[in-house]
Amino acid sequence: QNAEALEMVARLRASLGDADAALAAIDVLAAKATSPQAKAEHLWRAAQLLKERGDLDLAVGYYKQILDAVPDHPATTIALREAYLERGDAHAAVQLLEQEIKRTEGERAKAKLYGEKAMILQLQVHDPKSAEEAAKAAISRDPTNADALSVLGDIAFDAGRFIEASKHYAPLVDRIEHVPADQVVRVLLRSVESLSKAETYERAH
């Protein structure tokens with residue numbers, strides 16, 4: 001079958017809401033692709049179609065095929081990680097981040113991934129020890145990393161180390177616009193509380 005005709009079929013079927021027929025055409029296009037990048041492009045379209053109709057498990061399968069073709073495909077690594085988290089597979093998301101960290105060059109870029117890893121380990125895996133290790137790895141590469149500061153602040157706060165917690169929260173409060181919206185209130189409240197308790201402790205000692 002002519003690739004141009006298949007492309008038209010895929011677009012037409014997708015526009016008509018016939019996802020199965022569109023996927024079949026895209027699969028043929030991917031199989032006929034002459035380069036890994038072209039194959040990845042077709043597979044990406046298929047994954048997005050599946051995601052739009054709520055078929056996350058099949059979308060994950062396509063994301064994996066993309067990474068087999070182009071291991072450092074940036075949009076796919078993010079999409080696959082988000083899909084893992086959406087279906088509650090935090091451990092798989094952490095493993096994917098670890099693979100990304102190994103491939104990533106640049107200290108700030110690595111710090112960003114370590115910070116994301118720390119946040120998942122803290123909030124979804126509930127492994128504060130591993131979260132702290134990841135957060136410290138992020139801070140050693142970028143002392144301003146918001147995810148890592150938040151994780152370290154929370155771990156210190158939960159352990160009753162309020163002076164330490166306040167030191168981690170302070171830079172976040174100074175740059176509160178960079179803190180994710182769903183974390184702003186918690187960071188502000190914990191920052192105020194840790195400062196208050198730290199002052200009480202210092203007065204008592």
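Which residue, with a positive phi, follows H9?

**The whole chain**

The model on screen is predicted. Start with a cartoon view. The secondary structure comes to eleven helices and zero strands. Reading along the sequence gives α-α-α-α-α-α-α-α-α-α-α. The chain has 205 residues, and buried residues make up 42% of them. Contacts come next. Among those with a separation of 6 or more, 43% are between residues 24 or more positions apart.

**The largest nonpolar core**

Select Tyr 62, Tyr 63, Leu 80, Tyr 84, Ile 120 and Val 151. The largest nonpolar core has 45 residues, and these six touch the most other members. H2 (19-32), H3 (36-52), H4 (56-69) and H5 (74-86) each supply at least two residues.

Zoom in on Ile 120. Leave aside its neighbours within four places in sequence. Ile 120 is then in contact with Leu 85, Ala 90, Ala 93, Val 94, Leu 97 and Val 125.

Another core lies apart from the largest one. This other core has eleven residues, among them Leu 149, Phe 157, Val 187 and Ala 198.

**Helix H9**

H9 has 13 residues. From first C-alpha to last, H9 reaches 18 Å, close to the 18 Å expected at 1.5 Å a residue.

Is H9 mostly covered or mostly open? Mostly covered: twelve of its 13 residues are buried. Show their side chains. The buried set includes Ala 146, Leu 149, Val 151, Leu 152, Ile 155 and Phe 157. Asp 147 and Asp 154 are also in that set.

Go to the N-terminal end of H9. Asn 145 caps this end. A side-chain oxygen of Asn 145 lies 3.3 Å from the backbone nitrogen of Asp 147. Then move past the other end. Gly 160 follows H9, with a positive phi near 80 degrees. That settles the opening question.

**Helices H8 and H7**

Step back to H8. Its 14 residues should span 20 Å at 1.5 Å a residue, and the end C-alpha atoms are 20 Å apart, which agrees. Select Ala 131, Glu 132, Ala 134, Ala 135, Ala 137 and Ala 138: these residues of H8 are buried. What covers the buried residues of H8? The cover includes H7 and H9.

H7 has 19 residues. H7 reaches 25 Å between its first and last C-alpha, close to the 27 Å expected. Just after H7, select His 126, which takes a positive phi of about 60 degrees.

**Charged pairs**

Side chains of opposite charge can pair when their charged atoms come close. The structure holds 14 salt bridges. Here are some to select.

- Arg 53 and Asp 55. Their side chains meet in a salt bridge, 3.8 Å from N to O. Arg 53 is partly exposed, with a relative accessible area of 41%. Asp 55 is also partly exposed, at 23%.
- Asp 142 and Arg 108. The closest N and O atoms of this salt bridge are 3.4 Å apart. The pair links distant parts of the chain, 34 residues apart. Asp 142 is in the loop between H8 and H9, and Arg 108 is in H7. Asp 142 counts as buried, at 7% relative accessibility, whereas Arg 108 counts as exposed, at 58%.
- Glu 116 and Lys 112. The closest N and O atoms of this salt bridge are 2.5 Å apart. Both residues lie in H7, four residues apart, about one turn of the helix. Glu 116 counts as buried because its relative accessibility is 16%, and buried means under 20%.

Arg 81, Glu 100, Lys 112 and Glu 116 are linked in a network of salt bridges.

**Last stop: Lys 197**

Select Lys 197 in helix H11 (residues 181-204). Lys 197 counts as partly exposed, at 35% relative accessibility. The side chains of Lys 197 and Glu 193 are joined by a polar contact of 2.8 Å. Finally, show Phe 162. Phe 162 and Lys 197 are 35 residues apart along the chain, and their C-alpha atoms are separated by 6.3 Å.

Methods. Residues numbered from 1 in each chain as written. Predicted model: local features only at pLDDT ≥ 70, side-chain atom pairs only at ≥ 80, totals over all residues. Heavy atoms only, no water. Core = buried A, V, L, I, M, F, W, Y, C linked by side-chain atoms within 4.5 Å. Buried < 20%, exposed > 50% of the residue type's maximum accessible area, 1.4 Å probe, protein only. Contact = heavy atoms within 4.5 Å. Expected span 1.5 Å × (residues − 1). Polar contact = N/O pair within 3.5 Å; in protein donor to acceptor, adjacent residues only side chain to side chain. Salt bridge = Lys/Arg side-chain N within 4 Å of Asp/Glu carboxyl O.
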